Amino acid sequence: MNLLQQISDHLQQGKAKSVAELTRQAITDGLHPKNILDEGLIAGMSVVGEQFRKHELYLPDVLLAAKAMYAGLDLLKPLMIEANAKSHGKIVVGTVQGDLHDIGKNLVAIMLKGAGFEVIDLGNDVSAQKFISVAEQEKADVIGLSALLTTTMPTMKSVVELAKERNLYGKVKIIVGGAPLSSDYANEIGADAYCFDGMNAVETVKRFLDQIR
Amino acid sequence: MNRKIFSIPIEEVLPPVAAVLEGQGIPRWKQANGITLQLARDAVELYREKARPVGAGVEIAKDAFKPVFEGEGRNEPDSPVGPIFQASENLALFAVTIGQEICSEIRRLFRTNDFALGSMLDSAASEGTELTARAVEKLYLRHLKDFGFQIKGTGVLRFSPGYCGWHISAQKKLFDALHPSEIGITLNESHLMQPLKSISGVIISGEKNIFYFDDTFSFCRDCAEHSCRERIHAVTDHEE
């Protein structure tokens, strides 16, 4: 079994230490960081994601795999910057203003990073202004909005409205998620998609980026 | 009942491992693998170490509760809480929390990439907070019994601002009446409690039939939990 396949396998088993060791070995062997990322780490996370979608794996398995992914990613990151490697896409995420719940948003950010996207996590209690200005500055492809409270959902609409004002609407896709949300609500406020969990967010973002590129 | 602070023994509000796993999306009929099971057990142990379950409660008359319920006038006109409290016999405001330390621990675990344990602890903490609210509800029922209120045929049910058409902005008046800052709970500008693992509201006691309603209101569409179904059904369990 080649080294990249081993990385993928160990990642699927959530073995963070061995993923780090194998990644280090791959770097020492002179494999290109982008190949280690795509064919080792992301390939492993894709298998995990697919098994999660089929209910063969559950959230804890995915999160253990994500920890293993990060163990490898931490080693690759400086090399990727050095090589000026392009990310698979840039996503700005945050929990909307007035809402301090961030577990759901954290899980989505973990899954998106696991799929190879660059994630800018603005944390919680984030204003519409901040979402839009960071998306502009960073030239983000997607904005991901999270809310757990029905009372904070209207802030999502403010983000969409502000995106329209700043001429970002349509250029930057806006996805929304959180317990009280639905596709109907996403349509109502003019968001591009509602994502029911982290894996669904990954699939949605991939679909959007495929359309753009 | 005058205003009381309750310190709830941790053993009374320890979340069962099965409930923690369910919070992670693992159904009760599914056998979790060894690693996941161990994570859930570790999360419960961490909960035992970090959670500080505490509650505050005070009885309130119907006419005094009316302005608390009305809050800032933003309730849904058809909220079932209004008619239920009007038909009730006794009311008590309450707030519970399991403390800031456990919330900080969850964040720390996420920061250090210990996502699986962090997420598992979050589920344990949510379940533990719910159990703490139930413990306070039971204490209130016991209080009513001690004071000679008829328990047979009586139900007790909790409602919280932010649910069932009772607008979250009512938290402000609830907090003004209850002062839960003494147990470490504060409100932010958007009426959200800190620590996050806190529950506040009113415990309503009255004839069981006052509590039945169908969860088909317009605002029920936005509710992800629909726990009212289970809780209304459980009203009968309070009979002693």
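Trainee: How many Å separate the centres of domain 1 of chain A and domain 2 of chain A?

Mentor: First, a caution: this is a predicted model, where local features need pLDDT of at least 70 and side-chain atom pairs count only at pLDDT 80 or more, while totals for chains, interfaces and linings use all residues. Residues are numbered from 1 along each chain as its sequence is written, and chains are lettered from A and ligands numbered from 1 in the order in which they are written. Domain 1 covers 3–82 and domain 2 covers 90–212 of chain A, with bounds from an automatic or database domain assignment. Taken over C-alpha atoms, their centres are separated by 25 Å.

Trainee: Which helix gives the largest share of the side of domain 1 of chain A that touches domain 2 of chain A?

Mentor: The contact takes nine residues from domain 1 of chain A and six residues from domain 2 of chain A; residues are in contact if their C-beta atoms, placed from the backbone, lie within 7 Å. On the domain 1 side, α3 (33–53) and α4 (59–82) of chain A each supply at least two residues. Helices are DSSP runs of H or I, at least four residues, and strands are runs of E, at least two, numbered from the N terminus. The largest share, six residues, comes from α3(A).

Trainee: Which are the edge strands of the open sheet in chain A?

Mentor: The sheet has five strands in the order β2-β1-β3-β4-β5, with parallel pairing. Strands pair if DSSP finds at least two bridges between them. Pairing on one side only marks the edge strands, β2 (118–121) and β5 (193–194) of chain A.

Trainee: Over in chain B, is B:I232 buried, exposed or partly exposed?

Mentor: B:I232 lies in helix α8 (residues 227–234) of chain B. Leaving out residues up to four places away in sequence, B:I232 touches B:F211 and B:Y212. Buried needs 20 or more other C-beta atoms within 10 Å of the residue's own, exposed 12 or fewer, and partly exposed is in between, with C-beta atoms placed from the backbone. B:I232 has 18 C-beta neighbours inside 10 Å, so the residue counts as partly exposed.

Trainee: What percentage of the 240 residues in chain B are buried?

Mentor: Chain B has eight helices and seven strands. Of its 240 residues, the buried share is 45%.

Key
Two residues are in contact if their C-beta atoms, placed from the backbone, lie within 7 Å.
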